[in-house]
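Biologist: I have not looked at this one before. Can you take me through it bit by bit?

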Amino acid sequence: MPSTSAPRGKLILAGIIFAFLWASASAGTKAGLSAVQPFVLFVPRFFLAAAIMLFISHGLFRKRLPQGKEWRQVAIYGLFNISLYLGIYVVGMTEVSAGLGALAAATNPVFISLLGTIWLRQPLRPVTILSLVLCLAGIGVAAWPLMADSYATPWGLSMVLLSMVAYSIGSIYFSGRAWGDLHIFTINGWQTLFGGIFLLPLMIAWYQPGVNHFDLTWLLALLWLVVPVSIIAVLLWLYLLKDNPVNASFWLFLCPVFGFGISAALMGEPLSLYTLASVVLVVAGLYLVQRARK
């Protein structure tokens with residue numbers, strides 16, 4: 001996708017805000033899951049976020065609707081970027097700490113590089129394998145003490161990592177499609193709506209009235225996940241991707257730092273030398289793969 005040549009200062013500010021908001025999603029998710037079931041937390045979030053973005057796009061900005069194959073593109077993007085990524089992620093987060101969830105999310109560039117190589121049928125480079133090993137080692141180092149203290153389980157961590165694969169496929173798909181003059185509010189609004197529609201049957205099938213408590217915790221978590229995360233953070237990510245997909249992934253380096261900081265401050269999750277070592281390993285893996293891609 002061609003660069004928009006945005007001012008450097010604007011890109012830096014957008015990247016920092018994106019990293020903070022993206023990292024905060026794990027803490028917001030854990031808070032919401034203390035009140036309601038996973039899909040009960042996320043599916044209404046998608047519909048509300050989509051309604052806001054589509055109203056802004058078509059009601060206020062008077063932007064055009066998708067046309068022809070663009071409908072298929074936003075639906076496929078929504079399937080990977082919303083239904084599969086966040087659907088699997090929220091289920092995994094029921095058994096994973098907020099900080100560990102944010103750390104796992106930061107590994108996306110490595111998965112993007114690995115899957116991109118497979119997608120283009122190119123030889124697998126040693127640096128890609130090394131990056132993946134470092135990132136997985138970092139997650140393992142962080143997870144080890146958390147599992148001992150019941151902050152995480154192998155099943156939950158596996159689900160979170162699987163969700164990262166779905167997200168990476170979605171990012172590759174988005175970057176490889178021609179979107180013409182479709183506004184980012186239009187793309188994000190419709191893909192979020194399609195993603196919610198695809199998950200709605202699962203929410204209905206698994207709904208248990210007695211375990212859902214629609215209290216203030218649920219409301220605040222929902223609003224945070226809708227506005228700062230689903231709207232502002234994703235729009236910033238698409239903005240960064242449109243400028244330069246490779247450089248955009250560098251901002252995920254900050255997610256582990258912000259994620260563990262937010263989780264410790266708001267959720268009382270422990271910080272230790274394991275935490276520091278895990279962040280160093282993941283950032284080293286990210287740096288290697290990003291340097292190779294550049």
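Biologist: Let's start with P154. Is P154 buried or exposed?

Modeller: This is a predicted model, so everything I say is computed from it. P154 counts as exposed, because its relative accessible area is 55% and the cut-off for exposed is over 50%.

Biologist: Which helix does P154 lie in?

Modeller: P154 lies in helix α7.

Biologist: Staying with α7, what about S163, buried or exposed?

Modeller: S163 also has its place in helix α7, which covers residues 154-175. It is buried, because its relative accessible area is 0% and buried means under 20%.

Biologist: What does S163 touch?

Modeller: Leaving aside neighbours within four places in sequence, S163 is in contact with Y85, I88 and Y89.

Biologist: Now the core. How many residues are in the largest nonpolar core?

Modeller: The largest nonpolar core has 90 residues. Those with the most contacts inside it are F18, W22, F42, Y85, Y89, L100 and L240.

Biologist: Which helix gives the most to this core?

Modeller: Helix α9, residues 216-243, gives the most, with 15 residues.

Biologist: Pick F18 from that list. What is F18 in contact with?

Modeller: Apart from neighbours within four places in sequence, F18 is in contact with A233, L236, W237, L240, W251 and L252.

Biologist: How far is L225 from A284?

Modeller: L225 and A284 are 29 Å apart in space, C-alpha to C-alpha, and 59 residues apart in sequence.

Biologist: Let's talk packing. At what angle do α1 and α11 pack?

Modeller: Helix α1 (residues 8-33) and helix α11 (residues 254-267) pack at about 40°, and their axes are 8 Å apart. That angle makes α1 oblique to α11. The contact involves I16, A19, F20, W22, A23, S24, A27, K30 and A31 on the α1 side. From α11 come L254, C255, F258, G259, I262 and M267.

Biologist: Is the crossing of α1 and α11 left-handed or right-handed?

Modeller: The crossing of α1 and α11 is right-handed.

Biologist: And α1 with α2, what angle there?

Modeller: α1 and α2 pack at an angle of about 120°, with axes 9 Å apart. That makes α1 oblique to α2. On α1 the contact is made by T29, G32 and L33, and on α2 by P38, L41 and F42. The crossing of α1 and α2 is right-handed.

Biologist: How many residues does α2 have?

Modeller: Helix α2, residues 38-60, has 23 residues. From its first C-alpha to its last it reaches 32 Å, close to the 33 Å expected at 1.5 Å a residue.

Biologist: What comes just after α2?

Modeller: Just after α2, R62 takes a positive phi of about 60°. R62 is in the loop between α2 and α3, and R62 is not a glycine. Most residues other than glycine have a negative phi.

Biologist: Is R62 buried or exposed?

Modeller: At 68% relative accessibility, R62 counts as exposed.

Biologist: Switching to α5. What is its span?

Modeller: The end C-alpha atoms of helix α5 (residues 108-119) are 16 Å apart. That agrees with the 16 Å its twelve residues should span at 1.5 Å a residue.

Biologist: How many residues of α5 are buried?

Modeller: Ten of its twelve residues are buried, so α5 is mostly covered. Among them are N108, P109, V110 and F111.

Biologist: Which residue just after α5 takes a positive phi?

Modeller: R121, with a phi of about 55°.

Biologist: Last one, S278. Where does S278 lie?

Modeller: S278 lies in helix α12, residues 273-293. S278 is buried, with a relative accessible area of 0%. Not counting residues up to four places away in sequence, S278 touches L103, G138, V141, A142 and F260.

Key: Residues are numbered from 1 along each chain as its sequence is written. This is a predicted model: local features need pLDDT of at least 70, side-chain atom pairs count only at pLDDT 80 or more; totals for chains, interfaces and linings use all residues. Side-chain values use heavy atoms; hydrogens and water are left out. A nonpolar core is a set of buried Ala, Val, Leu, Ile, Met, Phe, Trp, Tyr and Cys residues joined through side-chain atoms within 4.5 Å. Buried means under 20% relative accessible area, exposed over 50%, partly exposed in between (1.4 Å probe, protein chains only). Helices (H or I, at least four residues) and strands (E, at least two) are DSSP runs, numbered from the N terminus. Contact means heavy atoms within 4.5 Å. The expected span of a helix is 1.5 Å times one less than its number of residues. Axes are lines fitted to C-alpha atoms, for helices over the stretch in contact, and angles run from 0 to 180 degrees between N-to-C directions. Angles under 35 degrees count as roughly parallel, over 145 as roughly antiparallel, 65 to 115 as roughly perpendicular and the rest as oblique. A crossing is left-handed if the near helix is turned anticlockwise from the far one by less than a right angle, and right-handed if clockwise.
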